[in-house]
Number of protein chains: 4
Amino acid sequence: MKVALFGAGRIGKVHAASIKTDPRSELVAVTDVMTEAAEALAAEYGIKACSADEILADSSIDAILIASSTNTHSDLIEAGVKAGKAIFCEKPIDLSLERAHQVLKIAASHDKPMMMGFNRRFDPNFMALKAALEAGEIGKGEMLAVTSYDPAPPPVSYIKVSGGLYRDMMIHDFDMCSYLFGMPKSVMAHGSCLVDPQIGEAGDIDTAVVVLTYEDGRIATIRNSRRAPYGYDQRVEVLGSDGTLAAENELENTVVKSTTSGVTSAKPVYFFLERYMRAYGIEWSAFVDAVVDGKPVPAGIQDGVNALALAEAANQSLQSGRPVDVTAELTGA
Amino acid sequence: MKVALFGAGRIGKVHAASIKTDPRSELVAVTDVMTEAAEALAAEYGIKACSADEILADSSIDAILIASSTNTHSDLIEAGVKAGKAIFCEKPIDLSLERAHQVLKIAASHDKPMMMGFNRRFDPNFMALKAALEAGEIGKGEMLAVTSYDPAPPPVSYIKVSGGLYRDMMIHDFDMCSYLFGMPKSVMAHGSCLVDPQIGEAGDIDTAVVVLTYEDGRIATIRNSRRAPYGYDQRVEVLGSDGTLAAENELENTVVKSTTSGVTSAKPVYFFLERYMRAYGIEWSAFVDAVVDGKPVPAGIQDGVNALALAEAANQSLQSGRPVDVTAELTGA
Amino acid sequence: MKVALFGAGRIGKVHAASIKTDPRSELVAVTDVMTEAAEALAAEYGIKACSADEILADSSIDAILIASSTNTHSDLIEAGVKAGKAIFCEKPIDLSLERAHQVLKIAASHDKPMMMGFNRRFDPNFMALKAALEAGEIGKGEMLAVTSYDPAPPPVSYIKVSGGLYRDMMIHDFDMCSYLFGMPKSVMAHGSCLVDPQIGEAGDIDTAVVVLTYEDGRIATIRNSRRAPYGYDQRVEVLGSDGTLAAENELENTVVKSTTSGVTSAKPVYFFLERYMRAYGIEWSAFVDAVVDGKPVPAGIQDGVNALALAEAANQSLQSGRPVDVTAELTGA
Amino acid sequence: MKVALFGAGRIGKVHAASIKTDPRSELVAVTDVMTEAAEALAAEYGIKACSADEILADSSIDAILIASSTNTHSDLIEAGVKAGKAIFCEKPIDLSLERAHQVLKIAASHDKPMMMGFNRRFDPNFMALKAALEAGEIGKGEMLAVTSYDPAPPPVSYIKVSGGLYRDMMIHDFDMCSYLFGMPKSVMAHGSCLVDPQIGEAGDIDTAVVVLTYEDGRIATIRNSRRAPYGYDQRVEVLGSDGTLAAENELENTVVKSTTSGVTSAKPVYFFLERYMRAYGIEWSAFVDAVVDGKPVPAGIQDGVNALALAEAANQSLQSGRPVDVTAELTGA
């Protein structure tokens, strides 16, 4: 299976390594608006750097991996569909929910696997939690709590084009809730600017709590902060009728020091590359499974739209100060 | 310091033991509408069982401890004030917020210590968390999360007279939020009946999430369930600008077993008597400190009214599906 | 059951509180060579301070609790036997193994319960470990490791009369091995002076490892240090054919702090009073069970002799640099 | 840097992957007495499978990696020295200490890096422990305890040619002690056959405790078992003058389940490939650092001889039942 990569930035490089590691997939081309970045990556992998059009026109290429900037995602998905490629796209589909709905319609007619890169679905810890939940090890799930803090906020320049905390950061947690509990019926959002006043001046929040309520009475809570100085705090907890499942942080190492200052363990691993490096490899193999073996795609375009719809609902809730219903109009379903 | 006990039930017995343990306080009388219960406790402690009126009229008695049923609390507080006694009263003041406001006014003129029995303020774990928070060990607090699950629901007959989950169960967690973060400006409540349909038929919920938002942007989240089969799940977590503090559960013992089934520790201690037994003793000593040494009361009548006001706001929010402001009208402050 | 206490020092006070807590036992008299200490304790409990002879002659006294200095233990046990009392004696029986053998013979003819105060057998953590081991939860035990560090060394003046680390400190761990694995066939001792040169000058060691080997091939390892600045480090671990059981330290509280410095828990509780306070109460109740209900004594005179015999063997091994066999001559059995 | 691999078995494949991952090293040839294994690996990596002689004669090859069976190690090291190659060799040098001494002498004259594959020195947990120890975070080290259990014993056919537990299994732990505490002055060994009688019939043990004592009074304890059904149990603990450092096991994932059965975490990762996969990569990079950048080799031939000398001393101690001194005669130093 021959793969071309769109985007030679940080996340593109992670995917390039995953493609190389899975013996069933071969990276053959890369493109980037920053041609130097594309050429550097091409040199490292002994492949060609070329234009997007060349890739789309090359019938020997089976799949494209879209890891370019967010504003290119929806156009590239559409182009990939027209070119008959299997498509792996980093989240989100688009910052505009309306545009995402258009992509969803186009995707419906495509006969090749299309997958959204919700990397956390492939974290071994969250996968083990989901497996235990689905195996009924704690009975029926009732309450879900997702804690997701970044170690430090991004530059304000990034915040300004990010689409806001709900679409940029909490979108992963919305997807985690969908992954574990399905789609909710209502979204209630709270948010503040406590970390950096400049984020507030840019019209965004940096601290947020969202509550999702489900048709059958289940409740999910998401907590986000742009700052947890001790590292990337990524936890999920589910209360069920027979017990609780909790996926805790991964620590830098297992050393425990006992002194007069207390009993000290290592910090959580610092950020998403450290925490989710294994997940990226598992994620890519799942896409190859879909393309090569016809297995179902574990996160499709609809999942991408769903997460975006929940972010949109959260934005509306924060504006109005009231819960917002999750309607078919929002999800396009 | 001579003490008389109102109520010889389960919690009354716990307090009797605490009174005995502190060498500065002496239990001298007990009363209960169930005279047999009063007489049994009197026999065990070598004290007299008598009527409430006899206690109130006995000028040698310095303090009364009100551990009788909730519907007697406000009347007994008023009677105690009239009789010039120091007063320790189990939570809540009353199920009626209006009645609690009356008690608050009467209390304002009393010159003896009056203390509400919010036992969790005296749990060594939560005390250590609060001390670290106030010492600035994690900078300024930003998000608070309280997890509080009972091991199993009470009988439905109890649910019917309990005042509902927010006033009966979450009232402790409202007080924990006040203890750590002060009073919020707004309350948003969610609730479901997932544990036992009979609880729903009785008009109550058994699963609840409440979000408190603060004037300065801080956010607190409370999760309650009437059922956590593995024991009493009592945790508090605070994210601050410099880190996180979490008070975890106390386990039955420290044994860890590693077998092919995994690595297994003991369960959390089963319920409030096991978990908060030490807290009851520390709580009582704090009251004795106030009566004997004139130290400030760590939880007064206003704290009791505040917790009840948050419960009332939660009830209104659950009804309306919207956030409810915490006004001076609610708190009587 | 009426009890008289020999010794009004620190450990005597702990036992006095235990006697009071168990409703089946009543403290009626105390004696101490420091008459002021005896009188202070007598005043606190409203009992009489008197001479040892008065206690032994008082036929209304059912049991004596020997918590006086080590050099009085064997004589008091013998006197208690002659006076027909049930006897609870703090460890060790005597610093002289020969003298302990004499006591063992005299004890053989006594028809009242006699119990040695090996408090760790009553620690809820070690009790839970033993129960799991005996229930076969890890199959058959194969290797045992006991870690036992004091927070700080005692004064050198104490070291000089202590009988040495093996008889004074490790004797508890020898008993723990007997409790869990029975008596070994051989003892190999290692020891150093690393903590305080004055301890070495006094002819003792402060750091020690002893290996016990059993007839059936099982092996136990004991590690001792007089100094662990973070608190009292008291752990036991057993590898069995189906898994491992480990009893870990009890921490001061359950608060966990995550900052840039790492993830920090509280220290282990500081020393034996903090760690074993619950054990002392359970221990005393076990003695009352034996006296009042005729239940078997969980740690008898033979257990006291056995622990002393292992300490003697360790001393011999340290001297010779070779393993020492545990013979009938050593144990008196 | 061009590398040839001797041995295409399980550990050879691990090293092949490490060589590929470090961009500074290139695998160019492989040899194995099982030519099919060599050809399969050669095909996977697009390199040549050839004879040992061809490799040694090829002057374009900078380094050889010896991962063939133990009985070939010493001859291949000597051949590599003659051929002027940098040499990375899996442990042990040889089962014969005498033969290892010969290799040590030959190595002394070699001017290329020579490194022994003591993989545990490169485990991030043990590296972090050593770094903290050397940074003085717990003061001066006093007692060391190494726990090292395999999940299940190898086939008895392997046991028969393994050289025995001390040379085959505990050799890693001897090296860990040298890595952290240096070389001891004396070795006392204990061992039993508790896991599988067939191991005993083959003249070996499966359960062992060894105590190492140091000139300055420090003491190290090693515990080995061929069976820990819950996984690979690999822990190291050091007591120092200011505290304790412990490197704990890595678990399969971070999920914690709380039910009526207790609080259950995942098991330790199963065996050495899972546990030390990262270590193999770090180890290889350290060798490349030595060859390419002239950095010191972190584990040399002398370290290999030292570990073998301690194993030899342990064998003598087990035979004699007495401690054995670690002499220059043993270590060749």
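**Chain pairing and annotated domains in a predicted model**

Over all chains, the structure holds 88 salt bridges, a salt bridge being a side-chain nitrogen of Lys or Arg within 4 Å of a carboxyl oxygen of Asp or Glu. One of them is formed by Arg227(B) and Glu142(A), whose closest N and O atoms are 2.5 Å apart. Arg227(B) belongs to the loop between S10 and S11 of chain B and Glu142(A) to strand S7 (residues 141-149) of chain A, so this pair joins two chains. Helices (H or I, at least four residues) and strands (E, at least two) are DSSP runs, numbered from the N terminus.

The model is predicted: local features need pLDDT of at least 70, side-chain atom pairs count only at pLDDT 80 or more, and totals for chains, interfaces and linings use all residues. Residues are numbered from 1 along each chain as its sequence is written, chains are lettered from A and ligands numbered from 1 in the order in which they are written, and side-chain values use heavy atoms, with hydrogens and water left out.

Two copies of a chain are related by a rotation about an axis and a shift along it.

At the interface, 37 residues of chain B are in contact with 36 residues of chain A, contact meaning heavy atoms within 4.5 Å. Of the interface residues of chain B, 97% are also interface residues in chain A, so the copies meet through the same surface. The two chains bury about 2,900 Å² between them, 62% of it on carbon and sulfur atoms. In chain B, the most area is lost to chain A by Met143(B), Leu194(B) and Arg223(B), together 18% of what that side buries. Buried area is the accessible area (1.4 Å probe) that two parts lose on being put together, summed over both.

Six salt bridges link chain B and chain A. Among them, Glu237(A) pairs with Arg235(B), with the closest N and O atoms 2.6 Å apart. Strands S7, S8, S9, S10, S11 and S12 of chain B each supply at least two residues of the side that touches chain A. By class, that side has 15 nonpolar, 13 polar and nine charged residues. Here Ala, Val, Leu, Ile, Met, Phe, Trp, Tyr, Cys and Pro count as nonpolar, Asp, Glu, Lys and Arg as charged, and the others, Gly among them, as polar.

Between chain C and chain D, 37 residues of chain C are in contact with 37 residues of chain D. The area buried there is about 2,900 Å², of which carbon and sulfur atoms give 62%. The count of salt bridges between chain C and chain D is six, including that of Glu237(D) with Arg235(C) at 2.6 Å, N to O.

Two annotations from unreviewed UniProt entries apply to chain A. "Gfo/Idh/MocA-like oxidoreductase N-terminal" is listed by UniProt as a domain at residues 1-118 of chain A, a span that is 43% helix and 22% strand with end C-alpha atoms 22 Å apart. The UniProt domain "Gfo/Idh/MocA-like oxidoreductase C-terminal" covers residues 130-326 of chain A; this span is 37% helix and 27% strand, and its end C-alpha atoms lie 24 Å apart. UniProt positions are given in the numbering used here, feature names are shortened, and annotations may be inferred rather than shown by experiment.
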